[in-house]
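Here is a short briefing for a first look at this model. Keep the structure in view while reading.

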Amino acid sequence: MVSAPHEAMHRVFQEYPGLFTRLSDVLGLQLPPVASSEPLTVDLTENEPLERRVDTLLRIETQGDGPFLLVVEAQGKKDPGKTASWPYYVTYLNNKYRLPVLLLVICQDHATATWAARPLTIGLPQWPTVTTRPLVAGPHNMPVITDVAEARKDLALATLSAITHADNPDVDAILKTMSVALRDTPESIAEPFVELIAQGLGNRPAAQQWRNLVAVDLSFYTSPLSEEIRDEGRAEGRAQGRVEGCVEGQAKAVLFVLDRRGIGVTDTIREKITACPDPELLQRWLGRALFATTTEEIFGE
């Protein structure tokens, strides 16, 4: 039930709109004189549904500070409409989930990144009520990864780096590094990165170079991109055919991830993985291997 003090604290402004002019002086907020005021409906319910979608929304759990929501927006160019929609996303999600919200914007050019990084304010110039500060990743702050060992250490970060540097003059070296880093990576792990880079490069000149690298360095993969290249006749020098079946390839992927993450594998565990005939179970183990700290965490229910 709304209390009497609650009513009084806001109704006084309905009865005496000019009060805010005096109050602003008391609070040290410099405003021009108020000429008039008009009461509006206090009902903020939206009668007609308005479709709003973020690009990606993740609930992130942390070890010490609790969970938060990560909103990821891919921004290809300046869009004045985001001035209204981004603050809406943040406030709506915070209200719905009661969790902190971080807005991350990914850009591929400096001008868009500079524009996206500006704080978005709602309120008066003298006193913004709501400020939304996107965290921006783009060519201005993403590392240029041209070292194979560094790329292998974190293939996801290296892939995002390649995408954000699609217009970088050194993109040739960046893509060559990625192709070498993926060359000895199990296909089930490498395939998504191959496709994501191709998608991220779009129709830029670098996209054709990536196709050529896939056709030569990664010709033994059977990803949609490599299959398309072979269909076009660009992969006549295929180095080797695919000799691993689905189950065998997934088992090798699990062992590969464990080895790269420094998790010791006994002969018994290795035999259990390689002898597993269930591709769905192997896929589950592979997902757990990306985050597990011991082999017991992989096989546990």
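The largest cavity has a volume of about 30 Å³. The model is a predicted one. Its chain has 301 residues, with 14 helices and 6 strands.

**The cavity**

- The structure holds 1 cavity of 30 Å³ or more.
- Its lining is made up of Lys 82, Thr 83, Trp 86, Trp 115, Ala 116, Arg 118 and Leu 120.
- Two helices, α3 (82-97) and α4 (110-116), each give at least two residues to this lining.
- The largest share, 3 residues, comes from α3.
- By class, the cavity lining counts 4 nonpolar, 1 polar and 2 charged residues.
- A probe the size of a water molecule, rolled over the atoms, shows where empty space is left.

**The largest pocket**

- The largest pocket holds about 540 Å³ of space.
- It is lined by 18 residues, and those closest to its centre are Leu 155, Ala 156, Ile 189, Phe 193 and Leu 290.
- Helices α5 (148-153), α6, α8 and α11 each supply at least two lining residues.
- α8 provides the largest share of the pocket lining, with 5 residues.
- This lining has 11 nonpolar, 2 polar and 5 charged residues.

**The nonpolar cores**

- In soluble globular proteins, nonpolar side chains tend to be buried together.
- Here, the largest nonpolar core has 42 residues.
- Leu 175, Met 178, Leu 182, Leu 201, Trp 210, Ile 273 and Trp 285 have the most contacts inside this core.
- Leaving aside residues up to four places away in sequence, Met 178 touches Ala 151, Leu 155, Ala 158, Thr 159, Ala 162, Ile 197 and Trp 210.

**The chain as a whole**

- Of all residues in the chain, 35% count as buried.
- Among contacts with a separation of 6 or more, 59% join residues 24 or more positions apart.
- The accessible surface of the chain is about 18,900 Å².
- Carbon and sulfur atoms account for 56% of that surface.

Conventions. Residues numbered from 1 in each chain as written. Predicted model: local features only at pLDDT ≥ 70, side-chain atom pairs only at ≥ 80, totals over all residues. Heavy atoms only, no water. Core = buried A, V, L, I, M, F, W, Y, C linked by side-chain atoms within 4.5 Å. Buried < 20%, exposed > 50% of the residue type's maximum accessible area, 1.4 Å probe, protein only. Contact = heavy atoms within 4.5 Å. 1 Å grid on protein atoms, 1.4 Å probe; cavity = no way out; pocket = protein on both sides within 12 Å on 5 of 7 lines; lining within 4 Å. Points joined across faces, edges and corners; volume = space filled by probe spheres on them. Helix = DSSP H or I, 4+ residues; strand = E, 2+ residues; numbered from the N terminus. Nonpolar A, V, L, I, M, F, W, Y, C, P; charged D, E, K, R; others polar. Areas by Shrake-Rupley, 256 points an atom, 1.4 Å probe, with all protein chains shown as cover.
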